[in-house]
Amino acid sequence: MPCCTDPRIHGTGNLYIYDSLNSRIRRVDTDGVITTIAGDGIPYTAGMDLEGPALLRSISVSDIAVDPTGIVYFSDSNSGLIRRVTKTGLLEVFAGVSEAACSNCSDGDGGPAKAAHLEHPRFLTLDNSGNLYVAEGSYDWVIRRISTDGIITKFAGYGAFPDNLLPRDGGPALGEYFGSIVGLAADGNGNIYVAHERQPMVPRVRRIDSSGVISTVVAGQDGIVAADSAGKLVLANNAGLFLVATDGTLKSDGRRKS
């Protein structure tokens with residue numbers, strides 16, 4: 001397999017990856033056996049079939065999320081869609097409307113996610129209740145939540161650029177401004193983590209608690225974030241791989257990137 005991106009580990013120990021050079025989503029089980037679960041080897045372009053047998057449909061993937069039952073969700077920032085692979089191997093549209101004339105639209109809040117426009121959806125994460133969070137945007141990124149009944153709502157990042165360049169810690173996440181989001185994760189305690197960069201301000205990793213209040217966890221760095229069910233947070237960037245302590249300090253695992 002020449003290249004893979006967006007690895008996700010399922011609770012059962014299975015690893016899910018997007019094989020970007022072959023346009024396929026693949027699963028590696030705990031015995032090391034690899035299986036293709038979606039994609040026919042051809043990158044998706046507008047006009048191709050979106051739904052049907054997952055192994056017979058074209059896909060392009062920006063990020064992956066896997067729920068506890070093994071359903072795989074994936075975003076495609078170019079098509080403006082989120083699709084999912086069901087447990088029976090079918091591919092179906094979960095959110096978004098594919099419409100070339102509205103590639104920079106973001107609307108439909110309060111209604112069905114399948115009728116909403118998503119502006120270049122990228123990062124995905126699932127909370128313990130089964131709600132799916134999607135980070136989307138071109139310049140000023142936002143986060144939206146799709147509940148288990150398929151309704152999409154605004155979640156975070158809808159505030160204006162702060163004149164004082166300071167984060168709005170202690171306030172509602174809806175009123176914060178992120179700039180570019182580079183990482184998104186959820187833990188088992190109802191928290192959502194957002195890594196973002198917003199020049200000329202300091203990059204940060206933020207926590208949004210179950211009440212929607214935002215706070216800074218790490219100041220001065222951003223990157224890919226991952227969290228487990230116990231609330232442990234890991235940050236990966238060009239400086240290395242770090243475990244984030246409760247006070248926001250970073251502990252390196254010693255594998256510094258070159």
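Strands β1 (5-9), β6 (63-66), β10 (121-126), β14 (180-186), β18 (224-227) and β19 (233-237) each give at least two residues to the lining of the largest pocket. Strands are DSSP runs (E, at least two residues), numbered from the N terminus. The model is predicted: local features need pLDDT of at least 70, side-chain atom pairs count only at pLDDT 80 or more, and totals for chains, interfaces and linings use all residues. Residues are numbered from 1 along each chain as its sequence is written, and side-chain values use heavy atoms, without hydrogens and water.

**Largest pocket**
- A pocket is an open set of points on a 1 Å grid over the protein atoms alone, where a 1.4 Å probe fits, with protein on both sides within 12 Å along at least five of seven lines; lining residues have an atom within 4 Å of a point.
- Its volume, the space filled by probe spheres set on the points, is about 1,200 Å³.
- The lining has 36 residues; R8, I9, T125, A226 and A227 lie nearest the centre.

**Aromatic pairs**
- Rings of Phe, Tyr and Trp (its six-membered ring) pair if their centres lie within 6.5 Å; planes under 30 degrees apart are stacked, over 60 edge-to-face, the rest tilted.
- There are four aromatic pairs.
- Y133 and F155 are edge-to-face, because their ring centres are 4.9 Å apart and their planes at 70°.
- This pair joins distant parts of the chain, Y133 in β11 (residues 132-136) and F155 in β13 (residues 152-156), 22 residues apart.

**Charges over rings**
- A charge sits over a ring if NZ of Lys or CZ of Arg is within 6 Å of the ring centre and within 35 degrees of the ring normal.
- R83 lies over the face of Y44, 5.1 Å from the ring centre.
- R122 lies over the face of F123, at 4.4 Å.

Key
Helix = DSSP H or I, 4+ residues; strand = E, 2+ residues; numbered from the N terminus.
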